[in-house]
Amino acid sequence: MWACSSKPTNTLESRRESLTISATEPRLDRDVPLVLSNEHYATYEKGRDLLFNRLKDWAQSSVLVFIGYRLADPHIRDLIYKIDPARRPRWYMVSPGGDEHDVRFWDKKGVEVLSTTFSGFMDALDTSVPQLFRALAPPVDTGQRPYLKHLKNGHPSDRLIEALERDFDYVHAAMPFEEVSAEGFYSGYDHGWSGIIRKYDFARKLGEELLYAAVDVATDSPAIRMFVLEGAAGSGKTIALRRAAFDAATALDQFVLWLKPDGSLRAEIIEELWTLSGLRLTIFVDHVSIHSAELERALHTLKRKNVQVTVVLSEREAEWAAYCCGLDAFLPSTSTLRRLNGREVEDLVDLLARHRCLGQLTNLSRAEQIEAFLSKDRADRQLLVALHELTQGKPFEQIILDEFNRVLGDAARSLYLDIATMHQFGVTARAGAISRISGIRFDDFKSEFIKPLTDIVRITDDRFTGDHGYETRHSHVAEIVFRAVCDSDEARSVQLSRIVGGLDPGYSSDRRVLENICKGRNIARTFSSIEHARKIFEVATTALPKSAFLFQQAALLELQHPKGALDYAEELAQTARALDQNNHIYIHTLAEVSRRKASAAPSPVRAEQLRAKSRRFLNEILTNDPRKSLTFCNLLIDEVIDLLRDLPEDPKEYMIIEFDRKVAEAKDRLDKARRDFPGEAEFPSAEGRLWQRLGDEARAKRALQQATALKAQNSGVFLRLAQVQGSGGEVENSIETLRTGLQRFPSDKQLHLELALRLVEHNRTTTPEIEGHFGASYGVGDHALDARFFHACYLFWAGKIEESRSLFDEINTRSSNDYRKRPNPEEGLIDQFIAQQTGSVASVRDDYFFIQSGCYPKQIFAHITALNGVDISELTSGKQVRFRVRFNRRGPVASSVVV
């Protein structure tokens, strides 16, 4: 069976372009037997599903030529019957001896029977394709391939030409781009070069510094130079990176390549370019976590060969820390994109005014427009979020949800959700993948369902495969759509399982989507229920049963999720290692599982056995890896904490000596690790954990302060330092620490909540900034009930009673019966600032009653224990009372009730 990937024609003999012929059998996965005889197809039918599904995908737009089969073959008939001849190209069958009746019958089905042998078929092709059309294409001038101007030492190979067109954008002044309006650009709807070439962007100081650092190459510079631009989703890092790339190519005349989202970075291509040009190459990679493993392998190869390359990368801080550790070996210089400074805001406001995109800011003075971006309640929000909220006058999440609800038709909304589900993980949703997931032909999508999504999703084309791709206008938008529409663990599990289960990992694009969805840390953050989270990996490992990566990520889910099972994590990690024996990452996962199990062990003997096991795994890792060193440090810290816990009130001298020795050993190991890996925040953070558990807050504080100044993997360092500072009465310092954390992680909901609570404690009054942080402490569809609870209490205090009631109603609907069933017996942080209220008794029961008050639209519950100097028998309907307010999940509850 053969597939000819080419445009349809009426007759095979009339073709004048060359046929690209490829056998379908070699595309089978390795575990599917290569069986050709008809009688064996039934035996292996299940294992061949992917093959025939793939063939059906190709058959809808490609010419197929069947060779070596008869018209009676059931699989060929099934394929012909399932795909309407009117909606596909004409197919051919090389079959000697076909009778006239069969020829006419299959001709009506869009299949032309060529009554000849394979040899005769090849002779016909040889006769039909003139020699003139078999010659190699003539050289193309530099106008069509402008990168040729850099290649002074020879001509590029076909492999290099293909890679430069398929995998990279060659950056130059006259590069093609898809036109995007200014309004679309400021809405985040620009994934290409339009905004840069049209100069919709404004200069970011950090981007300029990054550019000049990258191109300033000293004679003694290492072969591989690496620069990383970090920032939160929506902070503008992609635009800043594109501007740096464009300026490096056009203003500074550098040889610059931009890796496409689905491009492949191969060492042999870079080496050939360097050899032909004699120039140091500068390669820009956005969302580098998607390409980190491939990039790491390529750079190690290039380093051995002393190929001169500068790579400039961008990624979210948390993603870099979690998935790009291997790139730390190249000693990257890291910069973090923070809030806008005054000059940048002025430039942005001028651009918005010039392009008439100020929206709600139009009628304000220029000074007021600038202040709107610089105000405290906006300073910690991402640039994309601030742009939308300020110009449209409502919360960003509500803007996105309204946009989703305006899409006409359930099918179009479902398609938008599928696109968002994939794009939130940084990958383009390919048309073929969407078709496989939904079971709807792509042509139908294009004609019936994509039209309602005009200006909401961006459509891309792959010039080689002809496949279309879809993205939301920003991955942050995609994440909001997914969480808002799939507003429960069950809904998210069903949606992600449907996406993962519908993918065909035999396609590289599908495999990339699958692996980017299935990252343990991300899945752990997405689900509060471990059962729903596990379902994703069950579906994924069924599709890719030989993927060590997926089993290791499933193990990380068990490690990261608060309800994960360590025994199951160990089983998954062992499977990963069995599939890939030599990968030190999987060995480290086993070491970390053993360490965690030791901390939960039922006896000291079992704990010591598990720690010894962890050390054996770590000693198998021969590379000088920061993760290995961190686990060694944590093993010692765990032992210190265990010794401290087991110390009696009057310890023996030998116990004290052993405890002191273990503390010194842990401290020495931490000191060495910090010398070996000076840029890693996890080591001072671990030291902070050590001193905090030992009760030495001063030393804990110093260690945690050092950790916050480095490249923290997550917000935990800032939260711990703020906690230590707050417990020591340093409220202002605690607030400043949380503000700094939000500069690093502006979307972190826990940081927003903690800062809101600290500001309440410090200010003792309501402010727009506090309300803004409370509002940012949870998102549509998440399970942050405490954040909603505190926000609802705050809204009551602020006099926004209807908003408070609505939020309490949501909490009561979403929570379990046990959640905040009763108010806290002690006065809470917000309760203490709420004035005494008045009302009248509405009704009385045996041991509780209700109060009608102007402070709240619903009757307020009061238990008999809330009465202060009054017997419940004295209460009658209409009796005037005064009371203080506490809160449970339903809303305000009366306390300290007096007549």
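The following conversation asks how several descriptions of this predicted model are reached.

User: What kind of model is this, and how are its residues numbered?

Analyst: This is a predicted model, in which local features need pLDDT of at least 70 and side-chain atom pairs count only at pLDDT 80 or more, while totals for chains, interfaces and linings use all residues. Residues are numbered from 1 along each chain as its sequence is written, and side-chain values use heavy atoms, with hydrogens and water left out.

User: How many helices and strands does the protein chain have, and what makes a stretch count as one?

Analyst: The protein chain has 40 helices and 19 strands. These are DSSP runs numbered from the N terminus, where a helix is H or I with at least four residues and a strand is E with at least two.

User: Why is cysteine 633 called buried?

Analyst: Buried means under 20% relative accessible area, exposed means over 50%, and partly exposed lies in between, with a 1.4 Å probe and protein chains only. Cysteine 633 has 0% relative accessibility and therefore counts as buried; cysteine 855, at 11%, counts as buried too. Of the 899 residues of the protein chain, 52% count as buried.

User: Is aspartate 253 buried or exposed, and what is said about its phi?

Analyst: Aspartate 253 has a relative accessible area of 53%, so this residue is exposed. It lies in the loop between H10 and S8, and its phi is near 55°, a positive value in a residue other than glycine. Most residues other than glycine have a negative phi. Arginine 820, which is not a glycine either, has a positive phi of about 40°, and this arginine is found in the loop between helix H40 (801-814) and strand S15 (837-844).

User: What makes S12 and S14 paired strands?

Analyst: Two strands pair if DSSP finds at least two bridges between them, and two bridges join strand S12 (residues 429-430) to S14, the two running antiparallel. Arginine 430 stands opposite glycine 469 in S14.

User: How do you know that strand S14 is mostly covered?

Analyst: In strand S14 (residues 468-472), five of its five residues are buried. His468, Tyr470 and Thr472 point one way, whereas Gly469 and Glu471 point the other way, and all are buried. In a regular strand the side chains alternate between the two faces of the sheet.

User: Why are S6 and S11 described as standing at the edges of their sheet?

Analyst: The open sheet of six strands has the order S6-S8-S9-S10-S7-S11, with mixed pairing. Strand S6 (168-170) and strand S11 (333-336) each have a single partner strand, so one side of each is left without a neighbour in the sheet. Neighbouring strands of this sheet are turned by 20° against each other on average, direction ignored. Within it, seven bridges join strand S7 (residues 224-230) to strand S10 (residues 309-315), which run parallel, and threonine 310 in S10 is the bridge partner of arginine 225.

User: How do you know that H29 is close to its expected span?

Analyst: The expected span of a helix is 1.5 Å times one less than its number of residues. Helix H29 (residues 584-599) has 16 residues and reaches 23 Å from its first C-alpha to its last, which is close to the 22 Å expected. H29 is also mostly covered, with 12 of its 16 residues buried, and those include Tyr586, Ile587 and His588.

User: Why is serine 277 called buried, and what does this serine touch?

Analyst: Serine 277 has a relative accessible area of 8% and is therefore buried; it is found in helix H11 (residues 267-277). Contact means heavy atoms within 4.5 Å, and serine 277 touches His150, Leu151, Asn153 and Phe255, not counting residues up to four places away in sequence.

Notes:
Axes are lines fitted to C-alpha atoms, for helices over the stretch in contact, and angles run from 0 to 180 degrees between N-to-C directions.
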